[in-house]
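Please look over the sequence and the structure shown below before reading on.

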Amino acid sequence: MPELKPEQIIALLAPVVVIQIGLLIAGLIDLGRDERRVRGGNKVVWALIIVFVNLLGPIIYFVAGREDG
Amino acid sequence: MTGLGALLRKELLEQWRTTRLPLVVVVFLLVGLSSPLLARFTPEILKAVGGSQFQIVLPTPTAADAYDQLAKNLGEFGALIAVLLAMGSVATEKERGTAALILVKPVSRAAFLISKLAAIATTLGVATVIAGAGAWFYTLVLFEPLPVGGFVAAMFLQWLALVAYAAITFLGSTVTRSALAAAGLGVAAFIVLGILGIIPVVGTYLPTGLGAPARALALGLGHVDALGPMSASAGLIGGLVVISWLAFRRQEL
């Protein structure tokens, strides 16, 4: 197992962090659009799902949450 | 099968325009990248969290742990995403009336169903390739290289298992008018197949049975008999498509 320097570890972690935060922000921006209609009609619930359901939250919203998605 | 090509193009375009394809690819990439990282750093994280009170000595992680973590994450998150993709595929179109609008055109019902499942399988396939590539590269950097050919074959088996879960949910989506009921069937099948998978002989021929040959292939553990489990899962998917068609062909839309 190769030894890694801290900066190498950070370089490996960066894409993971960027993707996770990117998914969360993309989900919230899409949810915040005025014309966006969501399943069940309650945007607050979907915001909570996007933020708190680890990893799957944004994808549950994008695939199953949007009325026209 | 009238109109299959046109319907398949429509479905693939829909996977792209509704952002399902890019989104699933991104989530699978996240799974692929984070699995070797978790395998490598879990002992250090536990040590840091536990401090001096943490007395358990964990073995040094290996490339096999990285693959096991990937297989576990793909088997859980991947299967749930397969269920999510398939749950509304037919049910929502029936509910909204768009299925009836499409089927007045010169396209067969079989083509309508096959194009939908093929598009879902394509999305899962592209995502599995990306997850596999990411995981292979991170395993190379964090541990050691895994055999490329075996790893590709392992990803194919993982994909086949995901398509099987999608096909089960797809049947639910075809039979009912509720995407939630279809998702319920998919999740129930995931649990039941997980339990049945423990039974030695039966388990080999279920989608869960693809895990063992996939692991052996990915880690290059010698001769692997993947043909039986692979044929069984492919047969299951084919059977589910036929049952979906039998249910759908005379259905009132």
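This is a predicted model: local features need pLDDT of at least 70, side-chain atom pairs count only at pLDDT 80 or more; totals for chains, interfaces and linings use all residues.

## The fold of chain B

Chain B is built with 11 helices and zero strands, so that reading from the N terminus on, the elements run α-α-α-α-α-α-α-α-α-α-α. The radius of gyration of chain B is 20 Å, which is close to the 18 Å that the globule rule gives for 253 residues, and chain B is therefore as compact as a globular protein of that length.

Of the 253 residues in chain B, 47% count as buried. When the contacts in chain B with a separation of 6 or more are considered, 80% of them are accounted for by residues 24 or more positions apart.

## Helices H1 and H6

Helix H1 of chain B covers residues 4-17 and helix H6 of chain B covers residues 109-142, and their axes come within 8 Å and cross at roughly 40 degrees. Since angles under 35 degrees would count as roughly parallel and those from 65 to 115 as roughly perpendicular, H1(B) and H6(B) are therefore oblique to each other. The crossing in which H1(B) passes H6(B) is right-handed.

On the side of H1(B), the residues that make this contact include B:Leu4, B:Leu7, B:Leu8 and B:Leu12, while among those of H6(B) are B:Ala111, B:Phe112, B:Ile114 and B:Ala118. By type, the residues of the contact of H1(B) with H6(B) divide into nine nonpolar, four polar and two charged.

Although B:Thr19 is not a glycine, it has a positive phi of about 65 degrees. With 16 other C-beta atoms within 10 Å, B:Thr19 is partly exposed, because a residue would need 20 or more such atoms to be buried and 12 or fewer to be exposed.

## The side that touches chain A

Chain B is in contact with chain A through 22 of its residues, which meet 16 residues of chain A. Helix H2 (20-50), helix H3 (63-87) and H6 of chain B each supply at least two residues of the side that touches chain A, and H2(B) gives the most to that side, with nine residues. The residues of this side of chain B divide into 16 nonpolar, five polar and one charged.

Technical notes: Residues are numbered from 1 along each chain as its sequence is written. Chains are lettered from A and ligands numbered from 1 in the order in which they are written. Helices (H or I, at least four residues) and strands (E, at least two) are DSSP runs, numbered from the N terminus. The radius of gyration is taken over C-alpha atoms; the globule rule is 2.2 Å times the number of residues to the power 0.38. Two residues are in contact if their C-beta atoms, placed from the backbone, lie within 7 Å. Axes are lines fitted to C-alpha atoms, for helices over the stretch in contact, and angles run from 0 to 180 degrees between N-to-C directions. Angles under 35 degrees count as roughly parallel, over 145 as roughly antiparallel, 65 to 115 as roughly perpendicular and the rest as oblique. A crossing is left-handed if the near helix is turned anticlockwise from the far one by less than a right angle, and right-handed if clockwise. Ala, Val, Leu, Ile, Met, Phe, Trp, Tyr, Cys and Pro count as nonpolar, Asp, Glu, Lys and Arg as charged, and the others, Gly among them, as polar.
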